[in-house]
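Subject: Structure for you to look at

Hello,

Here is the structure I said I would pass on.

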Amino acid sequence: MRSPQLELAYEVVDVFAAAAFAGNPLAVVLDAAGLSTARCQALALEFHLSETTFVTAVGDGGYTVRIFTPDTELPFAGHPSVGTAHTLVRLGLLPAGTVQQHCGVGVVPVEVSDTGARLTGGPVQLRPGPDPAALAAALGLAADDVTGRPAHLVGCGIEFAQLEVHPAALDRAVPDRRALAALLPDVQGGVSLLARGPGTEHTVRVFAGGLGWEEDPATGSAALGTGVWLAAEGLVADGTTGYRLHQGAAVRRPSVLEGTVTVEAGRAVSATVAGDVHPVARGTIAVPA
């Protein structure tokens, strides 16, 4: 007699979305402590979203999670952190307030509200990036499409190349996957294209290395890096400054990410990103053999 197939509960939520069916969708698989890496990866491929999270432990004011794209495991990511923390609180598995997420980069705090969550990034990362003109070419853009500011490698848990372009160039970007992989061989996050707008409202497009350089609808980890980049370029003053990023319109998933960066003596020391979370589906999924 064939034994019953093991199934796990999951939730699907839209993260950094003003309403459901926008933002970046995330699958949150619950009670995943016994899953091997191979099974996690197979399930992430089955969901085929930007990321799927696997909650392996919950308790003592926090939780442990593994984060997978359809192709690889990540040590940290923004929209999975915001979406997973909010889901666990909404389900009553953790109390509201600040919860501690244990992931590949260590412990990061996530402050959960009724409508969403705010993630505080890990240690600030900042180092020189590739030549801006070369990076622009790898995105199908010309040298005069960039503003001339450096393409720093920035992050708060996972690195992205941040390239500033003129607003008119943003919609014309088309990634050359081989060229990007050659320019950014050790950059796990990808590349974030930034078109600064008036005041603190900006627009970004993110091509994620973990997704084979496909475009991501909303990228919290890249948004943290944007704050680091703004500080490195002297575009924000000492203290804590807020900024809002619009992303995802090019893939019909409009997203809004609310960031802050804290600067001391001209250097970023921390960054946060927040957004709303909307539950859209739940169910069970079979565990691969």
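The notes below cover salt bridges.

Please keep in mind that the model is predicted. As a reminder, oppositely charged side chains can pair when their charged atoms come close. The count of salt bridges in this model comes to 14.

One of them joins Arg 282 and Glu 11, whose closest N and O atoms are 3.2 Å apart. Arg 282 sits in strand 17 (residues 267-286) and Glu 11 in strand 1 (residues 7-15), so this pair ties together parts that are 271 residues apart in sequence.

Another salt bridge is formed by Arg 127 and Asp 186, with 3.3 Å between the closest N and O atoms. This pair also links distant parts of the chain, 59 residues apart: Arg 127 belongs to strand 9 (residues 125-127), and Asp 186 to the loop between helix 4 (177-183) and strand 12 (190-196). Arg 127 is partly exposed, with a relative accessible area of 31%, while Asp 186 has 52% and counts as exposed, because the cut-off for exposed is over 50%.

Glu 73 and Arg 66 form a salt bridge as well, and their closest N and O atoms are 2.8 Å apart. Glu 73 is partly exposed at 29% relative accessibility, and Arg 66 is partly exposed at 21%.

Finally, there is a network of salt bridges that links Arg 149, Glu 164, Arg 196 and Glu 233.

Regards

Conventions:
Residues numbered from 1 in each chain as written. Predicted model: local features only at pLDDT ≥ 70, side-chain atom pairs only at ≥ 80, totals over all residues. Heavy atoms only, no water. Salt bridge = Lys/Arg side-chain N within 4 Å of Asp/Glu carboxyl O. Helix = DSSP H or I, 4+ residues; strand = E, 2+ residues; numbered from the N terminus. Buried < 20%, exposed > 50% of the residue type's maximum accessible area, 1.4 Å probe, protein only.
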